[in-house]
Amino acid sequence: MAQYVGAVDQGTSSSRFIIFDHSGKIVSIDQKEHEQIFPRPGWVEHDPLEIWENTQEVIRAALSKAGISGKDLAGIGITNQRETTVVWDRETGKPYTNAIVWQCTRTGEICNELGRDGGQDRFREKTGLPIATYFSGPKIKWILDNVPGAREDALKGKALFGTMDTWVIWWLTGGPDGGVHETDVTNASRTMLMDLETLAWDDGILKVMGIPREMLPAIVPSSNGNFSGTTSADGPLGAQVPVCGALGDQQAALVGQACFEKGEAKNTYGTGCFLLLNTGTTPVPSKHGLITTVAYQMGGDKPVYCLEGSIAIAGALVQWVRDNMGLISKSSEIETLAGTVEDSGGVYFVPAFSGLFAPYWRGDARGVIVGLTRFANKGHLARAVLDASAYQTKDIVEAMNKDSGVDLSALKVDGGMVYNEMLMQFIADMLDVPVIRPVVSETTSLGAAYAAGLAVGFWSGLDELKKHWAEDKRWLPAVAHKDREERYRGWQKAVERTLGWVDEDSVD
């Protein structure tokens, strides 16, 4: 019997392949970054072919590091940056254009047009989502409207759409030579095209957006023994391995954190920041700016839903300080620089580079730095960069407490930023609840591995997975209520300064 499960983690900044053993421990990992392409202000793209090449490379490297072959894997799970949109030629595998990344704001005018008849919540009752540049549907429409030949080929079923899970699965299972064209319910729920109740593409919304059903992938459960057939023997795994699990990255982290009970929540601090609260088998509509989405569906079980607060820029702000401003040479240096000062010195940094996501949903917002005086130095700016992730988290938690009717009692955290001790402490201070980091912080990849392993019987069920979760460290609140509220009021004033920066008719 195979002793391991593999997970492809196709993220916003890099692609990884991680191999896990039966106890959920990491056996081997390899990772490679891909280029971030910015053709115009507000536009963000990736090269899908570069990502596929990198995916093959990290799979081979992780197997080599572990000293095993593809035959030693019981199954493969996929987790991915959600909403990022690819349209490609079924016959050649060539993309019609670069992938449009979830952060991209080029669909601003499309979203404005969609919202003129019914407002921003026009499709929320069916999809759980507001109309926003974040989601895949408007990105598909943009490609069909602007790339020569794409619409014609889509109508013929020659042009295929997929989020990055679909793109990777299609190639892993053969590509132009019979690759499987499927997506799971979590990724489908982020397109603004799927009915949350029926888990099917909605013909009415497809008609409004002018998107042919022929180009869309089949929707299947997150964990499914027949999910995508098997990998090609001549592919990077060198063997026929079941591809039997897929989850959007934030839902995968929820699964990896074993948040299987109603009321359990996690927050991932990566490129963006995403807080998910398990609401059980009934979707809970949000009245305070959150998203209602599918958390996971295991096999033939009922889908589990969650409320989500999505923040576009978290770790990406540290990257911006590193790459665009040159204040640091490595991302890890941000904590050292921030530690040269006691606090932000009254400086606030609102990173509305792609507008503001939850709970505001304002595409007309742009980033601001406020509170500057002659006293401020680069240490204060670094501190404001870190503080921004905590304040944005508090925005989400405030909305989530109102929607759920239950105050958050603790927050499980994961992602690359959770090793920043200063940030974790400040989050605990701002939320006034314990912040808890697990032993295995690669929860996104672990969740995808869990989905695949459950599908092939590598793990027996959710109860077994719960036993694998273990706490590594927790941070307790250590700031007075008055200080917390005063700092948060400053943040709220800073957010107000971002609004209305871009005129409605020029949001792109």
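**Exercise 1.** How do the residues of the lining of the largest cavity divide into nonpolar, polar and charged?

*Solution.* Keep in mind that this is a predicted model.
- Step 1: start with the count of cavities. The structure holds one cavity of 30 Å³ or more, and the volume of the largest cavity is about 100 Å³.
- Step 2: The lining is made of 15 residues, and Ile 311, Leu 356, Phe 357, Ala 358 and Gln 392 are the ones nearest the centre. Strand E17 (304-311) and helix H12 (378-404) are the elements that give two or more residues to this lining.
- Step 3: sort the lining residues. You get eleven nonpolar, three polar and one charged.

**Exercise 2.** Work out in which order the five strands of the open sheet lie, and which strands sit at its edges.

*Solution.* 
- Step 1: read off the order, which is E3-E2-E1-E5-E13, with mixed pairing.
- Step 2: look for strands that pair on one side only; these are E3 (26-33) and E13 (243-248).
- Step 3: Ignoring direction, neighbouring strands are turned by 15° against each other on average.
- Step 4: zoom in on one pair. E2 (residues 14-20) and E3 are antiparallel and share seven bridges, and Phe 17 stands opposite Asp 30 in E3.

**Exercise 3.** Find which strands helix H1 and helix H6 lie across.

*Solution.* 
- Step 1: take H1 (residues 48-66). This helix lies across E1 (4-10), E2, E3 and E5 (73-80), at about 150° to E3.
- Step 2: take H6 (residues 164-172). Helix H6 lies across E1, E5 and E13, and runs at about 145° to E5.

Notes: Residues numbered from 1 in each chain as written. Predicted model: local features only at pLDDT ≥ 70, side-chain atom pairs only at ≥ 80, totals over all residues. Heavy atoms only, no water. Pairing = 2+ DSSP bridges. Helix = DSSP H or I, 4+ residues; strand = E, 2+ residues; numbered from the N terminus. Axes fitted to C-alpha atoms, helices over the stretch in contact; angles between N-to-C directions. Contact = heavy atoms within 4.5 Å. 1 Å grid on protein atoms, 1.4 Å probe; cavity = no way out; pocket = protein on both sides within 12 Å on 5 of 7 lines; lining within 4 Å. Points joined across faces, edges and corners; volume = space filled by probe spheres on them. Nonpolar A, V, L, I, M, F, W, Y, C, P; charged D, E, K, R; others polar.
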